[in-house]
Amino acid sequence: MLKIIGIVLVIGSFTGIGISQRQQFRGHVVVLGDMLSTLDFLSSELSYHLTSIPDIVAKLAQDSRPSVAKAFGTMHELIQRDDNLSLAFKWMKAFRDCGQEIGLDAEDIAILCDLSEFLGKYDAQAQQKSIDYAKVRLSRQLELASAEMKSKGNVYRTCCVAAGILLVLVLI
């Protein structure tokens with residue numbers, strides 16, 4: 001009876017590791033999709049409503065998606081401080097501080113930080129072009145992350161189950 005319980009625990013734990021790895025890939029894809037929709041919102045607010053960046057950040061800080069709320073909540077807190085730091089610096093600091101925590105990788109964070117150089121500094125058309133460019137770059141990142149999730153996610157899950165079964169066979 002103890003052998004059966006041990007077998008189930010070993011195989012179950014290895015399966016859990018594989019599923020956890022796959023969920024990390026899925027989380028990255030979801031966060032990239034959230035950031036793309038956030039850039040769409042930012043673009044429309046700047047183009048059609050002429051909303052200021054701090055007001056847009058305040059709206060996004062109250063978003064229902066956890067990744068968006070975390071990043072823009074941090075940014076909103078930084079903007080509220082009267083410390084004479086530029087909006088670009090606060091934008092970059094927010095993404096550098098919590099980017100990895102919400103599931104972005106270094107390239108994603110770099111793309112979003114590059115966008116800060118244009119927001120609030122130039123006319124609406126230049127800001128729109130920089131947002132469009134960031135959306136194209138993030139879309140490419142999303143394609144790569146989706147392909148990685150499809151290929152590596154299934155491999156991790158299958159290999160971990162197989163490793164658990166192999167370990168059980170070796171231990172018996």
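Okay, let's start with Ile-111, which sits in helix 5; helices here are DSSP runs of H or I with at least four residues, strands are E runs of at least two, and both are numbered from the N terminus. Is Ile-111 buried or exposed? It's buried, at 2% relative accessibility, where buried means under 20% relative accessible area, exposed over 50% and partly exposed in between, using a 1.4 Å probe and protein chains only.

A quick word on what we're looking at: this is a predicted model, where local features need pLDDT of at least 70, side-chain atom pairs count only at pLDDT 80 or more, and totals for chains, interfaces and linings use all residues. Residues are numbered from 1 along each chain as its sequence is written, and side-chain values use heavy atoms, with hydrogens and water left out.

Back to Ile-111. Leaving aside neighbours within four places in sequence, Ile-111 touches Ala-134, Arg-137, Leu-138 and Gln-141, with contact meaning heavy atoms within 4.5 Å. Asp-82, on the other hand, is 29 residues away along the chain, and its C-alpha is 26 Å from that of Ile-111.

Now, what does helix 5 pack against? Helix 5, residues 106-115, packs with helix 4, residues 87-102, at an angle of about 165 degrees, and the axes are 9 Å apart. Axes are lines fitted to C-alpha atoms, for helices over the stretch in contact, and angles run from 0 to 180 degrees between N-to-C directions. So helix 4 is roughly antiparallel to helix 5; the cut-offs are under 35 degrees for roughly parallel, over 145 for roughly antiparallel, 65 to 115 for roughly perpendicular, and oblique for the rest. From helix 4, the contact uses Trp-91, Met-92, Phe-95, Arg-96, Gly-99 and Gln-100, and from helix 5 it uses Ile-109, Leu-112, Cys-113 and Leu-115. Sorted by class, that's seven nonpolar, two polar and one charged. Nonpolar covers Ala, Val, Leu, Ile, Met, Phe, Trp, Tyr, Cys and Pro, charged covers Asp, Glu, Lys and Arg, and the others, Gly among them, are polar.

Leu-115 turns up again with Ser-130: apart from neighbours within four places in sequence, Ser-130 contacts Leu-115 and Phe-118. Ser-130 belongs to helix 6, residues 124-171, and is buried at 8% relative accessible area.

Next, the aromatics. How many aromatic pairs are there? The count is three, taking rings of Phe, Tyr and Trp (its six-membered ring) with centres within 6.5 Å, and calling planes under 30 degrees apart stacked, over 60 edge-to-face and the rest tilted. One of them is Phe-72 with Trp-91, edge-to-face at 5.7 Å centre to centre and 80 degrees between the planes. That pair links distant parts of the chain, with Phe-72 in helix 3 and Trp-91 in helix 4, 19 residues apart. Trp-91 also pairs with Phe-95, with ring centres 5.5 Å apart and planes at 55 degrees, so that one is tilted. Trp-91 and Phe-95 are four residues apart in helix 4, so about one helical turn separates them. Phe-72 and Trp-91 are both buried, as are Trp-91 and Phe-95, and Phe-72, Trp-91 and Phe-95 form one aromatic cluster.

Last one: helix 2, residues 53-61, packs with helix 3, residues 66-80, at about 135 degrees, with axes 7 Å apart. That makes helix 2 oblique to helix 3. The contact has 10 nonpolar, two polar and no charged residues.
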